[in-house]
Amino acid sequence: MSQDRGPRRPRRLEKYALISASATALSLTASGCVVVHGEREVLPSATRAEAAKALEQFTTAYNAADKAYDASLDADHTAGALAAIDSARLKAGAANHPDGNPAHEPLELTDAKFTIPKKAGWPRWFVADTKANKGGKTRWLLVFTRGGLDDTWEAAYLTLVAPGKVPEFKTDQDGWAEAVPANSTDVSVPPADLSKDYTTYLQDGGKTFADGVHTSSWRALREKRSTRPGLVTQYIDEPLANGDYAPLALRTEDGGALVFFTSRHFEKQTAARGASVPTPNKDVLALTDGEIKQSLTMEFVSNEVALDPADGQVSVLGRVQGLTSGKGE
């Protein structure tokens, strides 16, 4: 299973690599008016007003898409892992409820706190930490990105974190945060390697990640499920770390980083001779190609948020996973 095959929408998902030196900013100096290249100038990724507007526009689009079960209604406001998960959810919903979502409840995001890094180059991005009327008491962390001045802000990551678990971020005197480069070596695991290391850990274990719901407990659950009588369940885990799936990291006050990253997971259920695979629900069936005779392979995209300390084990604080496709054989 190739690492480069991604569950992506037919959209401009590699747009960041296409941003050129055409984006510029004007700056007045004592010698007159000079051109400062936007991709080299260190600037806040957004104003706080722009961040609030982006969150509002996302929420409006998300609610419209959820109500109608129409992925086109929020396609311009999502990217990366969230786009893959959301579009599949809406596709399944539309297949089972062509007249729209009978259980639609508008999403409300309140108490928004914005952490905006000051950085050079594209993509620009920021984090919105909000309360929601869904998901209990967890905080919703959304990462918004855009690849150019004329692009729409898109939510690329959505993770849910328990109250009190969101760390304090390092900020300058004006309140702007610090982005941690993907290849940074001053944290336990360079952000660029987290997806690869996480999927390796899920397969083989190890000491890179601290015990928790999304690490040791998940491995134990998968081990238990893989040995059920009459049914063999196999797991394959692959990193996703390029384009709109690239990790994004913020410096924390203690010198570590809070990192958002993506992974992909396959679960194949194969029934023993004379037995059958458990019948999946309607949403799984809506995303599954082929007839389920002896086996069902399900593909998931997962986005995680982790505390990557300056030294020590990485702690995965939250994970949101969604089925993106299935194949029956």
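**Exercise 1. Work out what share of the protein's residues counts as buried, and what else describes the fold overall.**

*Solution.* Start with burial: 47% of the 329 residues in this predicted model count as buried. Next, the parts list: the protein has five helices and 14 strands. Finally, look at the contacts between residues at least 6 apart in sequence: 68% of them join residues at least 24 apart.

**Exercise 2. Decide how helices α1 and α2 are oriented to each other, and find which residues make their contact.**

*Solution.* Begin with the axes. Those of α1 (residues 48-68) and α2 (residues 80-96) come within 10 Å and cross at roughly 30°. Angles under 35 degrees count as roughly parallel, so α1 and α2 are roughly parallel to each other. Now go to the side that each helix brings to the contact: α1 supplies Phe-58, Tyr-62, Ala-65 and Asp-66, while α2 supplies Leu-82, Asp-86, Arg-89 and Leu-90. Sort these residues by class and you get five nonpolar, three charged and no polar.

**Exercise 3. Describe the second largest pocket: how much space lies in it, and which element gives the most to its lining?**

*Solution.* First, the volume: this pocket holds about 370 Å³ of space. Then the lining, which takes in 20 residues; Ile-85, Arg-89, Gln-321, Gly-322 and Leu-323 are the closest to the pocket's centre. Trace the lining back to its elements, and those giving two or more residues are α2, β8 (154-161), α5 (282-286) and β14 (315-328). Of the elements, α2 gives the most, with seven residues.

How values were computed. Residues numbered from 1 in each chain as written. Predicted model: local features only at pLDDT ≥ 70, side-chain atom pairs only at ≥ 80, totals over all residues. Heavy atoms only, no water. Axes fitted to C-alpha atoms, helices over the stretch in contact; angles between N-to-C directions. Helix = DSSP H or I, 4+ residues; strand = E, 2+ residues; numbered from the N terminus. Parallel < 35°, antiparallel > 145°, perpendicular 65-115°, else oblique. Contact = heavy atoms within 4.5 Å. Nonpolar A, V, L, I, M, F, W, Y, C, P; charged D, E, K, R; others polar. 1 Å grid on protein atoms, 1.4 Å probe; cavity = no way out; pocket = protein on both sides within 12 Å on 5 of 7 lines; lining within 4 Å. Points joined across faces, edges and corners; volume = space filled by probe spheres on them. Buried < 20%, exposed > 50% of the residue type's maximum accessible area, 1.4 Å probe, protein only.
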